[in-house]
Amino acid sequence: MAVNESIQTSTVYFKTYEEREEAFRKGVFSLVPRKYLGPKLFWRDFGRISLNELLKLIEQPIAYITSNPRDCLAFGTPWQVLTAAQLCAQNQKNELIFSVEKVAEDFGVHENLFQPIRTLSGGETVKLALAKAYLYATFSRRLTIASPFSWLSRDNRLYFQRLFQHYVDRSLQVELLALEGEDSNEIIENSDAQQDEIIKPVDFSISLKDVRISLGSSLNPLQSQDTYAKVDDLKADLTSPCLIVGENGQGKSLIAKIITGAIASQGVAKLKRKNKSGPARLLFQDVINQTLLRSFDAIAALIDRTGGANPLEIYDKILSEYCLYLDNSANASAEFSLASKGQFRSLLEIKAILVAVRLCGQPCALILDEPDWGLNRKSAIAFVLAIIRVSHELGTPVLLISHKPWWIKLPKSTIRVRRTPKEMDKDGNYSFQIKLTCDGS
């Protein structure tokens with residue numbers, strides 16, 4: 001690990017997700033059970049949370065944001081989360097110091113106050129976590145954040161800076177636990193990716209017509225409005241690898257969930273590649289939740305009967321290609337040699353087997369949602385290139401969702417996503433439009 005001395009408080013960089021999570025857990029008095037090691041250890045950690053550890057938190061109150069910000073949000077809506085934090089932040093005279101509405105506006109979540117948290121995008125979720133931590137500065141002694149640069153797009157980092165400055169102004173410690181290269185804005189050059197040699201383009205098409213998604217009803221007891229997202233009609237011939245780009249909260253993941261059938265939607269959403277049409281398959285940004293706490297072996301056993309391929313064979317190909325794209329084999333072995341030592345599988349291995357199982361079904365496309373999550377920069381680049389190589393050998397297009405500038409020279413085509421502000425329609429419900437434009441074919 002390395003420490004960035006240029007920042008006023010400590011930023012510690014780690015090579016692997018597991019090292020970073022262990023450091024974070026120690027920093028929060030072991031009050032966050034480890035989900036990435038499977039259900040047995042999760043419940044063991046949960047059962048070991050003692051009164052002594054809870055008393056430490058009372059005696060030394062801290063604010064923290066987990067690597068998946070959703071894991072530190074205990075209520076159903078942003079309004080409930082911020083109201084609870086506001087009540088904790090009362091002064092000795094029990095006076096409310098901050099306005100929930102003002103803090104929500106300062107952190108860009110004012111439009112989402114009564115929206116179910118489960119429907120928020122990754123970027124909206126982390127902005128809410130930042131807003132909650134802002135309120136906690138009143139009584140906390142320090143702030144600890146895991147991977148602060150992973151979720152926020154470049155234009156939205158101002159919210160992180162706002163929170164950071166808020167703690168610095170109060171002479172409070174801020175501890176940032178990041179993965180190596182996570183905060184880099186450097187673009188991957190074509191020569192770095194050996195693009196012309198490894199990526200044999202795969203053509204596909206997308207068709208969206210009259211698509212509309214319900215994001216659920218407002219949980220404000222004084223209101224009953226529903227919120228809908230409407231998607232621009234789109235018919236385009238594209239080439240893989242395809243990049244889906246946009247700022248936080250613009251609808252990138254919504255588009256992915258529509259074309260994979262992961263959420264219910266009205267209208268028509270079709271993908272087509274050579275001699276095949278149907279849905280895509282999706283690798284979530286936070287793959288820990290996608291595993292549903294299943295073990296590596298349990299995931300590997302999920303053979304898609306329609307494909308008939310062996311996921312372990314595809315998995316081996318992915319890791320083999322991954323090793324080739326790293327500078328040296330030592331970097332690779334640090335990421336996925338845990339099992340050979342009798343320990344649990346690494347996050348990289350879990351990601352690779354999830355991809356392998358999806359490719360077994362010969363989907364019309366594979367979508368990787370923010371695939372750098374949980375990986376250092378070098379590993380993320382090698383992982384993405386390995387998946388593209390293996391997927392293209394199987395004739396499967398790859399769509400990459402990212403707000404990072406790393407990938408902008410990698411794709412053969414691009415879908416740009418932008419959403420309009422919420423508006424109330426004639427029926428009293430809220431809606432917004434997701435605008436789509438395509439480059440390349």
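Trainee: Which residues in helix 15 and helix 16 meet?

Mentor: In this predicted model, Leu348, Lys351, Ala352, Val355 and Leu359 of helix 15 meet Phe383, Ile387, Val390 and Ser391 of helix 16, where contact means heavy atoms within 4.5 Å. By class, the residues of this contact divide into seven nonpolar, one polar and one charged; Ala, Val, Leu, Ile, Met, Phe, Trp, Tyr, Cys and Pro count as nonpolar, Asp, Glu, Lys and Arg as charged, and the others, Gly among them, as polar.

Trainee: What lies behind the numbering and the values?

Mentor: Residues are numbered from 1 along each chain as its sequence is written, and side-chain values use heavy atoms, with hydrogens and water left out. Since the model is predicted, local features need pLDDT of at least 70 and side-chain atom pairs count only at pLDDT 80 or more, whereas totals for chains, interfaces and linings use all residues.

Trainee: What makes helix 15 roughly parallel to helix 16?

Mentor: The two helices pack at an angle of about 20°, with their axes 12 Å apart, the axes being lines fitted to C-alpha atoms, for helices over the stretch in contact, with angles from 0 to 180 degrees between N-to-C directions. Angles under 35 degrees count as roughly parallel, over 145 as roughly antiparallel, 65 to 115 as roughly perpendicular and the rest as oblique, and helix 15 is therefore roughly parallel to helix 16.

Trainee: Why are helix 13 and helix 16 called oblique to each other?

Mentor: Helix 13 (residues 311–325) and helix 16 pack at an angle of about 130°, with their axes 8 Å apart, and the pair is therefore oblique. Their crossing is right-handed. The residues in contact include Ile314, Ile318 and Tyr322 of helix 13 and Ala382, Phe383 and Ala386 of helix 16; by class, the contact has ten nonpolar, one polar and three charged residues.

Trainee: How do you know that helix 6 and helix 7 are roughly parallel to each other?

Mentor: Helix 6 (residues 122–136) and helix 7 (residues 157–169) pack at an angle of about 15°, with their axes 10 Å apart, and they are therefore roughly parallel. Helix 6 passes helix 7 in a left-handed crossing. Among the residues that meet are Leu130, Ala133 and Tyr134 in helix 6, and Phe160, Leu163 and Tyr167 in helix 7; the contact has eight nonpolar, one polar and two charged residues.

Trainee: Which residues touch the most other members of the largest nonpolar core?

Mentor: Leu163, Tyr167, Ile318, Val355, Phe383 and Trp407 do so, out of 92 residues in that core, a nonpolar core being a set of buried Ala, Val, Leu, Ile, Met, Phe, Trp, Tyr and Cys residues joined through side-chain atoms within 4.5 Å. Helix 15 (residues 347–360) contributes the largest share, eleven residues. A second, separate core of 31 residues includes Val211, Leu234, Leu254 and Ala365.

Trainee: How do you know that Leu238 counts as buried?

Mentor: Buried means under 20% relative accessible area, exposed over 50% and partly exposed in between (1.4 Å probe, protein chains only), so Leu238, at 2% relative accessibility, counts as buried. Leu238 is found in strand 8 (residues 234–240), and its C-alpha atom is separated by 6.0 Å from that of Ser413, 175 residues apart along the chain.

Trainee: Is Glu53 buried or exposed?

Mentor: With a relative accessible area of 16%, Glu53 is buried. Glu53 is found in helix 3 (residues 51–59) and, not counting residues up to four places away in sequence, touches Phe29, Ser30, Leu31 and Arg48.

Trainee: How many helices and strands has the protein chain?

Mentor: The chain has 16 helices and 17 strands, which are DSSP runs numbered from the N terminus (helices H or I, at least four residues; strands E, at least two). Of its 441 residues, 56% count as buried.

Note on methods
Left-handed = near helix turned anticlockwise from the far one by under 90°.
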